[in-house]
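Dear colleague,

Please find below the structure I am handing over to you, together with its sequence. My findings follow directly after it.

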Amino acid sequence: MMDARYKFLDLGVVNAPYASAIKNIMAEVVDSGRYIGGPAVEKFERDLRHSLDVPDAYVVAVSTGLDALRLILRAYMEMGRLSPGDEVIVPSNTFIASVLAITDNGLVPRFVEPDTGTANLDSSLIERAITSRTKVLMPVHLYGRVAWDEDIKEIARRYNLIVVEDNAQAIGAKSTMKGLYGGSMAGDLGDAAGFSFYPTKNIGALGDAGAVMTRDAELARVVRALGNYGSEKQYHNIYAGLNCRMDPVQAAILSYKLGYLEEENGHRQRVAETYEREIANPAVIKPPFTNRGDCVWHQYVVRVEDRDAFREYLIERGVETGIHYPVPPHRQQCYREYSSLQLPVAERLAREVVSLPVSRCTSIEDAESIAKIINGYLS
Ligand SMILES: *Cc1c(COP(=O)(O)O)cnc(C)c1O
């Protein structure tokens with residue numbers, strides 16, 4: 001592709017303001033001689049708790065967002081709370097990793113359709129998906145928008161479901177409604193949450209990284225052991241575990257970048273405000289706007305019926321876009337057994353969604369120009 005005037009995302013540009021600090025941080029880790037675990041990782045765990053202001057939570061730094069989710073589910077299995085074949089309710093339009101964490105543990109995804117507007121779980125459809133084997137509800141705060149409401153909370157309580165949040169995309173978002181244990185930050189609404197610090201996320205590492213957050217001390221202990229070969233004491237194994245630890249280099253970088261969480265999310269909010277104000281094209285359906293902090297705009301996703309023509313029009317004018325996501329999980333080759341499911345909302349979203357640039361690469365002026373270009377599109 002030619003160098004587009006309006007890049008969708010350039011991670012070098014995103015990290016440029018932090019680059020010299022990051023180089024110093026990396027040099028400190030080199031000099032420290034601690035390359036697995038140690039003070040940098042412990043500090044990151046405290047920093048994540050503090051930056052989200054959830055003093056009652058435990059944080060376990062792990063290798064990736066996918067590992068965070070699979071370790072949570074695996075820990076519940078080790079604790080006797082889940083058995084193979086138990087069902088997990090998950091949105092039908094989520095990123096594949098939510099579902100991989102489920103099937104990797106021998107659990108069964110129960111796909112529930114999203115609301116077309118928010119793209120988050122349609123809570124009015126959850127109850128009819130519940131069977132005697134349903135044990136877990138996994139809301140995904142997709143595109144940075146908190147997926148939490150009175151219905152979800154009430155259903156989780158009534159059916160005694162374990163709530164595992166996929167919080168890969170909504171770090172720093174705050175629900176307008178309290179969670180199961182009185183918290184309101186995304187990641188502190190249910191029983192446990194997986195975070196991702198994949199480089200494109202709102203706070204991104206310079207490689208892979210993730211975290212588990214929970215108020216359950218026992219769960220945190222089991223997750224930590226499972227991610228460390230199943231061991232708490234070296235060479236003594238309680239569980240047949242995995243190796244899913246966060247590198248100190250990533251931990252130190254993330255501790256530093258967490259200091260800019262509000263600034264990063266604030267920029268995305270301003271870009272979203274600009275699109276909300278400036279885009280006025282009946283062919284382009286905007287996401288429901290909010291400025292209450294319950295969306296941190298990991299993606300700004302519009303819907304357009306003739307998506308390919310729209311994207312083509314934009315790229316000819318220098319605007320790069322993304323698609324999150326073009327193929328829903330039940331249509332993936334690895335999940336052939338679910339291919340006959342009727343999930344028309346997920347399929348429609350997969351056909352129509354277009355993500356506009358919303359990162360640090362996009363200035364407010366860029367967003368205004370992009371909106372003008374979009375307003376010139378004739379469907
Ligand atoms: C990124 C992401 C994950 C996985 O995180 P990784 O760190 O890439 O493993 C899981 N769920 C959602 C919704 C994501 O966007």
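In what order do the seven strands of the open sheet lie? The order is β1-β7-β6-β5-β4-β2-β3, and the pairing is mixed. Because β1 (58-62) and β3 (108-112) stand at the edges with a single partner strand each, one side of each is left without a neighbour in the sheet. From one strand to the next, the twist averages 25°. Please note that this is a predicted model.

Within the sheet, β5 (residues 162-166) and β6 (residues 192-196) run parallel and are joined by three bridges. Opposite Glu 165 stands Ala 193 of β6.

Helix α7

Helix α7 (residues 217-226) lies across β1, β6 and β7 (210-214), and runs at about 15° to β1. At its N-terminal end, α7 is capped by Asp 216, a side-chain oxygen of which lies 3.0 Å from the backbone nitrogen of Glu 218.

Which residues of α7 are buried? They are Leu 219, Ala 220, Val 222, Val 223, Ala 225 and Leu 226. The elements covering these buried residues include β1, α4 (65-78), β6, β7 and β8 (231-233).

The pair α4 and α7

How do α4 and α7 stand to each other, roughly parallel or roughly perpendicular? Their axes come within 9 Å and cross at roughly 110°. An angle of 65 to 115 degrees counts as roughly perpendicular, and α4 and α7 are therefore roughly perpendicular to each other. The crossing in which α4 passes α7 is right-handed. On the α4 side, the contact is made by Leu 71, Ile 72, Arg 74, Ala 75, Tyr 76 and Glu 78; α7 contributes Leu 219, Val 222, Val 223 and Leu 226. These four residues of α7 are also among its buried ones.

His 141

Is His 141 buried or exposed? His 141 is located in the loop between β4 (134-137) and α6 (150-158). With a relative accessible area of 1%, His 141 is buried, since the cut-off for a buried residue is under 20%. A polar atom of the His 141 side chain lies 2.8 Å from the backbone nitrogen of Ala 147.

Leaving aside residues up to four places away in sequence, His 141 touches Asn 120, Val 146, Ala 147, Glu 165, Asp 166, Asn 167, Gln 169, Ala 170, Ala 186, Gly 187 and Leu 189. Among them is Glu 165, the residue that stands opposite Ala 193 in β6.

With kind regards

Terms used:
Residues are numbered from 1 along each chain as its sequence is written. This is a predicted model: local features need pLDDT of at least 70, side-chain atom pairs count only at pLDDT 80 or more; totals for chains, interfaces and linings use all residues. Side-chain values use heavy atoms; hydrogens and water are left out. Two strands pair if DSSP finds at least two bridges between them. Helices (H or I, at least four residues) and strands (E, at least two) are DSSP runs, numbered from the N terminus. Axes are lines fitted to C-alpha atoms, for helices over the stretch in contact, and angles run from 0 to 180 degrees between N-to-C directions. Contact means heavy atoms within 4.5 Å. Buried means under 20% relative accessible area, exposed over 50%, partly exposed in between (1.4 Å probe, protein chains only). A polar contact is a pair of N or O atoms within 3.5 Å; within protein, one must be able to donate a hydrogen and the other to accept it, and residues adjacent in sequence count only if both atoms are side-chain atoms. Angles under 35 degrees count as roughly parallel, over 145 as roughly antiparallel, 65 to 115 as roughly perpendicular and the rest as oblique. A crossing is left-handed if the near helix is turned anticlockwise from the far one by less than a right angle, and right-handed if clockwise.
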